[in-house]
Structures are given as structure tokens and as C-alpha cells.
Amino acid sequence: MFAGRAVRQPLSAAPAPLHLILPFVCLHGVAGGIIAPEEERQACPTYQQMTCFLDVLEKACAGDEAPPFELIQKNSVESAWLCCCPLPYKQCEQGERDASCDAAFAKYLEPLGESDGAVAIRNGLQQVRGALREAGGEPCKAMAPADPLTTCGSEAAPPMERSVVREDLFCEMLTWQREELGDGNFEEFKANGCPWPERQGDGEGRRGTGIGEEM
């Protein structure tokens, strides 16, 4: 079973080629950067949940984490199930969970079995995020679009050091990890063209968590 959040180590990867970066900058339409400013991201009512699913996606792409199917099980540590809480990974009561998140989880992830494979689970995580972007309405258009679905960096040709190919999704995830959980390091942000956040969270109550009895 997944034992908890590992300490992120600096990457030695060079920045992604410009031809991979520019299409997503233009697609996203965020002036001055690959992701929206924190104020705009936080204005999206499903921002926390959306980006938590990217965090789980990163784990699903990592060879040293739990198998992807385990990451969507309710009893796993830092399970995708906990993404639907107001503060993802922090235990909450059933009545506090985001209803649109639960509905998307039930539609895209609950039907999947271990035999469906890693790609189906990684795609399902992104489809939940896309449904949450839609459910959040106009404010959530500041977030990176759902399509195209990304693949793992290790599956790119040539392979990439970062966990997912799409840089806009990677930067949103990396920034959320820094601002909410206190993870990340400057060199990794720099190597991947992600702006360095002004704020660092402490992740209190949101590390190595599992579901409580009330859930």
C-alpha cells in the first residue's frame, strides 16, 4: 500500500522544448504565464478538488508509487477519494464532500477495475478534473482546459523527466503542491517553466491521510 507522500527531490531535467510549451500557453490564454494567478485559481469553486486529481495523476505516472488502481480505492493513503473533501487529503464528513466531485468520481472512476489498466485510470482522473472544471462555471475557465488528455512524461517520445507531458497541467499541480502542501523546490519549477509561487503552505492534516470512520 502507498505509504504516504515522498519528499520531492530536485530534478535535473532541462526545460521542455519551446514548441511543446507555446501551444498550451496560447490554449490556456493566461497573460504572462502558463497558469493563472493564485487569486484567479482560488476563485474557481472546484479548484482544490480539480488540482488534487492532478496530484493523484502524478502518483499514477510515477514508477515508485502505489499501483494506479490502488490510488482510487477509498481505503488507500492519500486516495483520490479524499480529493472531494473541502481541503483535499484532509478527512471530512460525508456531508462536507463536494457533490459534483462525488458525481464525477462515481461516473469516471468507480466503474474501473484493476483489469482496466493504468491508462484507463489516468484518463479517468483527468475526466473527473474536466467535469469539475465544467461544474465550477465561468471562474474555472481560468484553469487549464481538460483536453487533450495528457500522458505520462515517461511515455513521451523522447521520454521527459516530469511526470506528465502537458506543461500547463504539470505547473498547476506543482503550484498547488507548493501553495497547499508545502512541497516542491525552486529548481524543479525553473526546469519546467513554472512560475515560483509567492506562498508556501504547511500541509497540516493533509499528509499521509486516509478515510475516517465517518466516511
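Biologist: Leaving aside neighbours within four places in sequence, which residues is L125 in contact with?

Modeller: This is a predicted model, where local features need pLDDT of at least 70, side-chain atom pairs count only at pLDDT 80 or more, and totals for chains, interfaces and linings use all residues. Residues are numbered from 1 along each chain as its sequence is written, and side-chain values use heavy atoms, with hydrogens and water left out. Contact means heavy atoms within 4.5 Å; by that test L125 is in contact with F53, V56, L57, A60, I72, A80 and L109.

Biologist: Which members of the largest nonpolar core touch the most other members?

Modeller: They are F53, Y89, L109 and L125, out of 46 residues. A nonpolar core is a set of buried Ala, Val, Leu, Ile, Met, Phe, Trp, Tyr and Cys residues joined through side-chain atoms within 4.5 Å. Two or more residues each come from α3 (47–61), α5 (99–108), α6 (118–135) and α7 (167–181), and α3 gives the most, with nine. Helices here are DSSP runs (H or I, at least four residues), numbered from the N terminus.

Biologist: Why is P145 called buried?

Modeller: Buried means under 20% relative accessible area, with a 1.4 Å probe and protein chains only. P145 has 14% relative accessibility, so P145 counts as buried. P145 is found in the loop between α6 and α7.

Technical notes
Buried < 20%, exposed > 50% of the residue type's maximum accessible area, 1.4 Å probe, protein only.
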